[in-house]
Amino acid sequence: RITILPHGSLRILNASKSDEGRYLCQGVNVFGSAEIIASVSVKEPTRIELTPKKVELTVGESIVLSCKALHDSTLDVTFYWTLNGRPIDFEKEGGHFESIKAQASSADLMIRSILLMHAGRYGCRVQTAADTVSDETELLVRGPPGPPGVVIVEEITDTTATLSWSPGADNHSPISLYNLQARSPFSLGWQTVKTVPDLISGDMESAMAVELNPWVEYEFRVVATNKIGTGDPSAPSRVIRTNEAVPKTPPANVSGKSGRRHELVIAWEPVSEEFQSGEGFGYIVAFRPNGTRGWKEKMVTSSDASKFIYRDESVPPLTPFEVKVGVYNNKGDGPFSPIVVICSAEGEPTAAPIDVKATSLSVSEILVAWKHIKESLGRPQGFEVDYWKDMQQEEAAEKVKTEGNESSILLTGLEGNTLYHLTVRAYNAAGYGPPSAAVHAATKKSPPSQAPGNIMWIQDGSHVSLGWEPVRPLANESDVMGYKVLFRQEGQSNSQVIETQKTSAVVLLPDVGVYIIEVCAVSEGGDGTASPQIRVPSFSGGKVTSAQSTLHVLSTSSSSVTFLLALMVPSTSW
């Protein structure tokens, strides 16, 4: 058990407490001797227990691995965690791992919201100054299947495609079924397609996609499912195009539209390219007068067409026709839409409006009114008013429309003091009727540009008596018909108005506060330029007082506004 080795070392096997002590090693030769002393301590061996020993979990679950150490009480222990032999970096694992040390001789590993990538061998290593021991446990993680292998399109017809694939990882839960998905330029992303067989079991590696549309580009992918859930899809297959076929989808919403007299206008919703089934797609328009036998058929070669116009001078307005629209392509003729009855066009209006009148309202407005003769055909959907200045040609006329049965319109934004010529005509979807005879109206002259001047006012409590010099309009301006006094409380936007034909007025200020007062001339052309604002305080709020009054003058003879205290007089003597 105890051996001196050839190089002088001492080996002790199966050491025990009885071997503790001080050991002396002495070397002797002809020249003398030397010695060393070594102290030996014998410690209890370290043992660990890692639980649980083998665990199966499902993606998303959490677990705690517990590592306990039995060691010599005189030694400190350190715990280390590994995954598949590599140390776990707790800071770089996205919060999935946490080391918990509740006691000096034990440590736990918390794994939260486990992922497939967390499966493997977890090791706990315990290290002391005397020895190092370790243990491992295996963690198996079940999850949804991995993506299937490459999808191969093996056979294509006009409405089917046979697909095959290789299975992906089942992630420790057998694959129960597969789902086939397709995508085309006309779909909203990936869509599940019908298959043969209807349910594709997990042991199958091929199936047929059915009820596809002819002459459409598709790509396919496969998704696997097990008890845990549905996994990621496979990579898309190559893009394929199904074969051509005779079209099966007729146009929808076949109807009649307005047109000119002697026209039959047939409209429909174009068939989407998804359902055209091949090249050379077009429409067959069939129609016949109601009650007759033979169909007239016309080919429309544009796949985008949505209307066909048949014109026949012998067809009276509003003649009923039976109509149907079919489809065709290079593979043959498809079905027709259901038969509908539509009528030939009633045509555009034939009568011009009568009693057209134009009335000038202001410098920029003319009111136009008219009457219309009711017609059995060519019923108007509205009216158009054309207007142009006296020095312009009718071709330069501006146009404005009404809708429905309106019989008047207000033209705005016109030039002042200008003669306008106006015509009115009815219109509908088929076109325009004849215009009325032209009428004439001149806009009013512009309102006076001069503001009322040298405004004087005297305040008697809440009464303010105003006076001003009359406004004298220029030759190209409207005559003065009277004046407006506008007043409002400071901070308010809406003004109260007093109208007068004199050059004076009395204003009652209803509330306590400061009031803003303005004066402007009134004319046919509208309101003239307002005077500079007057600020008048009201202290009595509508109550008449016997206080003395003060005469004020607002002079507009210079560029600045000047307030003059002119005279102190009793309120009863002015």
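User: Contact means heavy atoms within 4.5 Å, so what share of the contacts with a separation of 6 or more comes from residues 24 or more positions apart?

Analyst: Those account for 61% in the protein chain. This is a predicted model: local features need pLDDT of at least 70, side-chain atom pairs count only at pLDDT 80 or more, and totals for chains, interfaces and linings use all residues. Residues are numbered from 1 along each chain as its sequence is written, and side-chain values use heavy atoms, leaving out hydrogens and water.

User: How many helices and strands?

Analyst: The protein chain has 0 helices and 48 strands (DSSP runs numbered from the N terminus: H or I, at least four residues, for helices; E, at least two, for strands).

User: And the overall dimensions?

Analyst: The C-alpha atoms fill a box of roughly 150 × 100 × 45 Å along the principal axes.

User: What about cis peptide bonds?

Analyst: One joins Thr 51 and Pro 52, with omega about -10°. Pro 52 sits in the loop between β5 (47-51) and β6 (54-58). Val 196 to Pro 197 is also cis, with omega near 0°, and Pro 197 is in the loop between β18 (195-196) and β19 (200-201).

User: Which phi does Asn 14 have?

Analyst: A positive one, about 50°, although Asn 14 is not a glycine. Asn 14 lies in the loop between β2 (10-12) and β3 (21-29).

User: Is Asn 14 buried or exposed?

Analyst: Exposed, because its relative accessible area is 69% (buried is under 20%, exposed over 50%, partly exposed in between; 1.4 Å probe, protein chains only).

User: And Leu 318?

Analyst: Its phi is positive too, near 60°, in the loop between β27 (307-311) and β28 (320-329). Leu 318 counts as partly exposed at 38% relative accessibility.

Notes:
Contact = heavy atoms within 4.5 Å.
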